[in-house]
Amino acid sequence: MAHDHDHHDTHGPAHEQGHGRGHDHGDIDWAEMAPLLEAQAELYTPLYRQAMSWLAREVTDPGLVVDVGSGPGVVSCLFADTFPGARVVAADGAGPLLERAGARAARLGFGDRFGTLTGDLPGALAELEYPADLMWASQSLHHLGDQRAALAALGGHLAPGGTLAILEGGLPARFLPRDIGIGRPGLQARIRAVEEDMFAEMRADLPDSVAETEDWPAMLTAAGLKHTGTRSFLLDLPAPLSDAARDYVVTSLSMLRERIGESLDADDLTTLDRLLDPADEASVHRRQDVFVLVAHTVYTALRPV
């Protein structure tokens with residue numbers, strides 16, 4: 001999909017999942033972004049493992065698993081680990097990220113049953129040698145103008161009885177208490193409100209954008225699939241955070257500052273700048289009340305036999 005971090009979920013600096021189609025972000029240096037994307041996905045691994053345990057009860061012994069919008073392949077490799085009998089294909093529009101995915105798979109011992117597919121999605125899936133038994137699309141469909149058509153296209157590359165699992169929505173990440181002792185309480189809620197408006201603008205500006213009620217089971221049904229399940233998974237990293245988790249919060253808020261800073265009022269911008277100043281005792285670099293709490297929702301549907 002080739003999108004960066006302007007997404008509906010404030011869970012991090014960029015989707016690890018979901019690169020290669022949709023609106024144009026040709027100016028992004030994916031090789032430079034890759035380590036950041038990998039670090040985020042590694043931090044979220046407990047959540048992804050929960051989701052895969054659930055999927056493994058729904059899908060038994062898949063022959064082919066396709067990760068649509070795979071990014072650098074952290075989650076693709078988790079699929080290879082979860083389903084040791086499956087061939088896994090990481091599909092993405094960003095070649096540098098797929099190079100990282102292939103290298104990761106080889107390093108972890110999955111190289112002999114791991115492939116990559118580069119190109120605009122979902123069109124590039126036409127190059128699959130055979131239909132998928134399980135297809136995963138994480139936080140990627142909302143970057144396509146016609147989400148219902150995209151679901152139908154993905155479903156068309158499933159084997160009869162195959163499962164499509166999409167990760168969309170849930171609850172945005174929280175990093176801070178409501179009252180952090182500086183500025184006006186409720187900073188993250190106000191940041192979220194700005195992000196919601198920006199998300200709506202992003203959706204409206206997509207090529208061939210179709211306004212859609214975000215009822216994913218209904219959309220899956222309209223795309224000719226049979227909705228089979230919905231479940232949310234929690235990432236709960238309480239304070240005090242590990243260094244990796246704290247770095248993630250710093251990066252997330254820094255990228256938010258770049259993206260929406262001018263849309264915040266002066267007081268909130270001052271507070272955000274203090275949170276990002278490593279010399280400030282109240283910064284997220286130093287404070288002990290920083291946490292990560294987020295929920296992601298996964299919807300599953302079958303292609304009818």
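Modeller: A cavity, on a 1 Å grid over the protein atoms alone, is a set of points where a 1.4 Å probe fits but cannot get out. A volume is the space filled by probe spheres set on the points, which are joined across faces, edges and corners.

Colleague: How many cavities of 30 Å³ or more does a search of the whole structure find?

Modeller: Two. This is a predicted model, where local features need pLDDT of at least 70 and side-chain atom pairs count only at pLDDT 80 or more, while totals for chains, interfaces and linings use all residues. Residues are numbered from 1 along each chain as its sequence is written, and side-chain values use heavy atoms, with hydrogens and water left out.

Colleague: Which residues line the second largest cavity?

Modeller: Lining residues have an atom within 4 Å of a point. Here they are Arg174, Leu176, Pro177, Arg178, Ile180, Gly186, Leu187 and Gln188, around a volume of about 30 Å³. Four are nonpolar, two polar and two charged (nonpolar: Ala, Val, Leu, Ile, Met, Phe, Trp, Tyr, Cys and Pro; charged: Asp, Glu, Lys and Arg; polar: the others, Gly among them).

Colleague: At roughly what angle do the axes of helices H1 and H4 cross?

Modeller: Helices (H or I, at least four residues) and strands (E, at least two) are DSSP runs, numbered from the N terminus. Axes are lines fitted to C-alpha atoms, for helices over the stretch in contact, with angles from 0 to 180 degrees between N-to-C directions. The axes of H1 (residues 30-43) and H4 (residues 95-107) cross at roughly 50 degrees and come within 9 Å. H1 and H4 are therefore oblique to each other (under 35 degrees is roughly parallel, over 145 roughly antiparallel, 65 to 115 roughly perpendicular, the rest oblique).

Colleague: Which residues of H1 and H4 meet?

Modeller: Contact means heavy atoms within 4.5 Å. Trp30, Ala31, Ala34, Pro35, Leu37, Glu38 and Glu42 of H1 meet Pro96, Leu97, Arg100 and Arg104 of H4. That contact has seven nonpolar, no polar and four charged residues.

Colleague: At roughly what angle do H6 and H8 cross?

Modeller: Roughly 55 degrees, with the axes of H6 (residues 187-205) and H8 (residues 243-260) coming within 12 Å. H6 is therefore oblique to H8. Ile191, Val194, Glu195 and Met198 in H6 meet Leu256, Arg259 and Ile260 in H8.

Colleague: Where is Pro122 found?

Modeller: Pro122 is in the loop between strands S3 (114-118) and S4 (132-138), and the peptide bond from Leu121 to Pro122 is cis, with omega near 5 degrees. The bond from Ala239 to Pro240 is cis, with omega near -5 degrees; Pro240 is in the loop between strand S6 (226-237) and H8.

Conventions:
On a 1 Å grid over the protein atoms alone, a cavity is a set of points where a 1.4 Å probe fits but cannot get out, and a pocket is an open set with protein on both sides within 12 Å along at least five of seven lines; lining residues have an atom within 4 Å of a point.
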